[in-house]
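Here is a short note for a colleague meeting this structure for the first time. Please keep the model open while reading.

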Amino acid sequence: MIVAQGTHGSAESMRLPWLDRATGHAGIAFYRFLTGHEPAEADIREDEDFDRHVLASILSAAAMDGGSIAEQAGLAGPEFSALLTQHFPLIEVSVAVRLLPSDLIEDDEREMVRDLLLAQRSTEGDVGRWLAAMIARRAMEPNHLWEDLGLRERAELSRLLARHFGPLAARNTGNMRWKRFFYRMLCEDDGFVMCTTPVCTQCNDFDLCFGEETGESRMAERRREFHRSADANLQD
């Protein structure tokens, strides 16, 4: 199994050609391994380039969490292999995929979010299907969804959803936080409501649903923390 660790010189890190021994930062290192450049340098003006950036960002966020990258990203081994082959063909796929688990443990909550996204797809092909599974898996993490997808800002998540899941994205007319919005849609589809007040502004959970989602990306934050730690060690 491929494991993401930040321990320098460990036996595991020697098996991971993408692990950045200079920075100890698995997320940025894996993004660079996939794309050949830093996340901040991504040119996303074209839709295909944007899709590639999104896929690399999600896989890199998964690498930061440890364990199997494929499992953390919500993909079975064959799906992960196909994604790498189609969108990152220059990397050594054979070494990476050989050690991946082929089975993915599902749970009901993740399946519900995935099926909600799949039912509202606005693009054809594998990318939308993969993204539905990947978003559903990363939505189980505790941070803002755009952060746990490894994206640079919330606007990238909004663009992703509008592009690949347009009908669903269009229903978020109040700019609700996306994770909360998914669960609101699931509740409404089942005939439930999340709040008993007639309008959202009167709801006690208003800040949870509509509060700010600004801040530093997870990868940028981890890199800043590493450099701060390294500077402190130099002063000791």
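1. Ground rules. This is a predicted model, so to speak of local features a pLDDT of at least 70 is needed, side-chain atom pairs count only at pLDDT 80 or more, and totals for chains, interfaces and linings use all residues. Residues are numbered from 1 along each chain as its sequence is written, and side-chain values use heavy atoms, with hydrogens and water left out.

2. The helix pair. Look at helix α7 (residues 108–118) and helix α8 (residues 126–138). Their axes come within 8 Å and cross at roughly 145°. Axes here are lines fitted to C-alpha atoms, for helices over the stretch in contact, and angles run from 0 to 180 degrees between N-to-C directions. Helices are DSSP runs (H or I, at least four residues), numbered from the N terminus.

3. Who touches whom. From α7 come Arg110, Val113, Arg114, Leu117 and Leu118. From α8 come Arg129, Ala132, Ala133, Ile135, Ala136 and Arg137. Contact means heavy atoms within 4.5 Å. The residues of this contact divide into seven nonpolar, no polar and four charged. Ala, Val, Leu, Ile, Met, Phe, Trp, Tyr, Cys and Pro count as nonpolar; Asp, Glu, Lys and Arg as charged; the others, Gly among them, as polar.

4. Salt bridges overall. How many salt bridges does a search of the whole structure find? The count is 13. Each is a side-chain nitrogen of Lys or Arg within 4 Å of a carboxyl oxygen of Asp or Glu.

5. Asp51 and Arg163. These side chains meet in a salt bridge at 2.8 Å, N to O. Asp51 lies in helix α3 (residues 47–64) and Arg163 in helix α10 (residues 154–164), so the pair ties together parts 112 residues apart in sequence. Asp51 counts as buried at 6% relative accessibility, and Arg163 as partly exposed at 24%. Buried means under 20% relative accessible area, exposed over 50%, partly exposed in between (1.4 Å probe, protein chains only). Asp51 and Arg163 also belong to a salt-bridge network with Asp47 and Arg159.

6. Arg138 and Asp65. This salt bridge has an N to O distance of 2.7 Å. Arg138 sits in helix α8 and Asp65 in the loop between α3 and α4 (69–73), 73 residues apart. Arg138 is buried, at 0% relative accessible area. Asp65 is partly exposed, at 28%.

7. Glu141 and Arg137. Their closest N and O atoms are 2.8 Å apart, in a salt bridge. Both residues are buried. Arg137 also takes part in the contact of α8 with α7.

Key: Helix = DSSP H or I, 4+ residues; strand = E, 2+ residues; numbered from the N terminus.
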